[in-house]
Amino acid sequence: MNRPIITKDKVKPAFENKYVKVYDLQYDEGKHYLDATRRSLDELTAIKTEEEIKNMIPDAVSCAVILNIKGQEPLLCLTREFRFPTGQFLLSVPAGLIDKADIEKGNPIIVTAERELAEETGLIFNAFTDKMTIISPLLFSTPGMTDESNAMVQIVLNRDAMPKLSQAGAEGTECFDGFVLLTKEEAIETLKKSTDKNGIYFSTYTWIALMSFITGMWN
């Protein structure tokens, strides 16, 4: 099958505001596909070459945070964050958008992960004692509707005692309802149920965090 070719001159804005845009991608004569995105027309993923996509910076970073406390069983640190499109508090991972300042600092994924960890958990990454690993530099969330992408990062915080967690750093539309700390056994049970303890489904990135934790990728 011939690959559809999408060029900048065939992309038309269907809706646009400060936070989200919808573009009409005309990939053949009379054939259209709508794409929801945060990106400008010049940065739209659909018009990038294969080489550009291989080197593109994701929109955001999601973090699998593991608390490795001395003498205790390791815990996966999740949050309960209100996600407006679902109208529910979802079992979530610390996450946030990469901004221009992050890119200018030279390692946007790591810089964003450290910032979001501090804002959404109150914890500061220590490069001497802790460990941060990029699980994936870019994952497309729902490519049937949007070009939204996230990097997935794993953060292991090695501590002598349980640190104090805080969500006081929430900004803008961010709305939290506490933390959920899971042992390996509890993480497995959560995966089996595919829901949190209230029966509410969670995101793909939470699923990845659960899997990376229980499979021992962090250790």
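Colleague: Which residue in strand 7 does Ser62 stand opposite?

Modeller: In this predicted model, Ser62 faces Ala95 of strand 7. That position belongs to a pairing between strand 4 and strand 7 (residues 95–97), which is antiparallel and extends over three bridges.

Colleague: How many bridges join strand 4 to strand 9, and do the two run parallel or antiparallel?

Modeller: Strand 4 runs parallel to strand 9 (residues 149–159), and ten bridges join them.

Colleague: What is the bridge partner of Ile66 in strand 5?

Modeller: The partner of Ile66 is Leu76. Strand 5 (residues 75–83) is antiparallel to strand 4, with three bridges between them. The two strands form a hairpin, and five residues lie between them. Within that turn, Gly71 has a positive phi of about 80°.

Colleague: Why is strand 4 described as largely enclosed by the rest of the structure?

Modeller: The term "buried" applies to a residue with under 20% relative accessible area. Strand 4 (residues 60–69) has nine of its ten residues buried, and it is therefore largely enclosed by the rest of the structure.

Colleague: Is Asp102 buried or exposed?

Modeller: The relative accessible area of Asp102 is 3%, so this residue is buried. Asp102 is part of helix 2 (residues 100–104). Its side chain makes a polar contact of 3.0 Å with the side chain of Thr112. Leaving aside residues up to four places away in sequence, Asp102 touches Leu97, Asn107, Pro108, Val111, Thr112 and Arg115.

Colleague: Which residue caps the N-terminal end of helix 5?

Modeller: The cap is Ser203, with a side-chain oxygen 3.3 Å from the backbone nitrogen of Tyr205. Just after the helix, Gly216 adopts a positive phi of about 80°.

Colleague: What is the volume of the largest pocket, and which residues are closest to its centre?

Modeller: Rolling a probe the size of a water molecule over the atoms shows where empty space is left. Here the largest pocket has a volume of about 2000 Å³. It is lined by 49 residues, and Arg38, Ala60, Arg83, Leu97 and Glu148 are the closest to its centre. By class, the lining comprises 18 nonpolar, 14 polar and 17 charged residues.

Colleague: Which element gives the most to the lining of the largest pocket?

Modeller: Helix 3 does, with four residues. The elements that each supply at least two residues include strand 4, strand 5, strand 7 and helix 5.

Colleague: What lines the second largest pocket?

Modeller: The second largest pocket, with a volume of about 480 Å³, is lined by 22 residues. Nearest its centre are Ile6, Leu25, Thr45, Ala46 and Ile47. Strand 2 (21–28), strand 3 and helix 1 (50–54) each supply at least two lining residues, and strand 3 has the largest share, three residues. The lining divides into 13 nonpolar, four polar and five charged residues.

Methods. Residues numbered from 1 in each chain as written. Predicted model: local features only at pLDDT ≥ 70, side-chain atom pairs only at ≥ 80, totals over all residues. Heavy atoms only, no water. Buried < 20%, exposed > 50% of the residue type's maximum accessible area, 1.4 Å probe, protein only. Pairing = 2+ DSSP bridges. Polar contact = N/O pair within 3.5 Å; in protein donor to acceptor, adjacent residues only side chain to side chain. Contact = heavy atoms within 4.5 Å. 1 Å grid on protein atoms, 1.4 Å probe; cavity = no way out; pocket = protein on both sides within 12 Å on 5 of 7 lines; lining within 4 Å. Points joined across faces, edges and corners; volume = space filled by probe spheres on them. Nonpolar A, V, L, I, M, F, W, Y, C, P; charged D, E, K, R; others polar.
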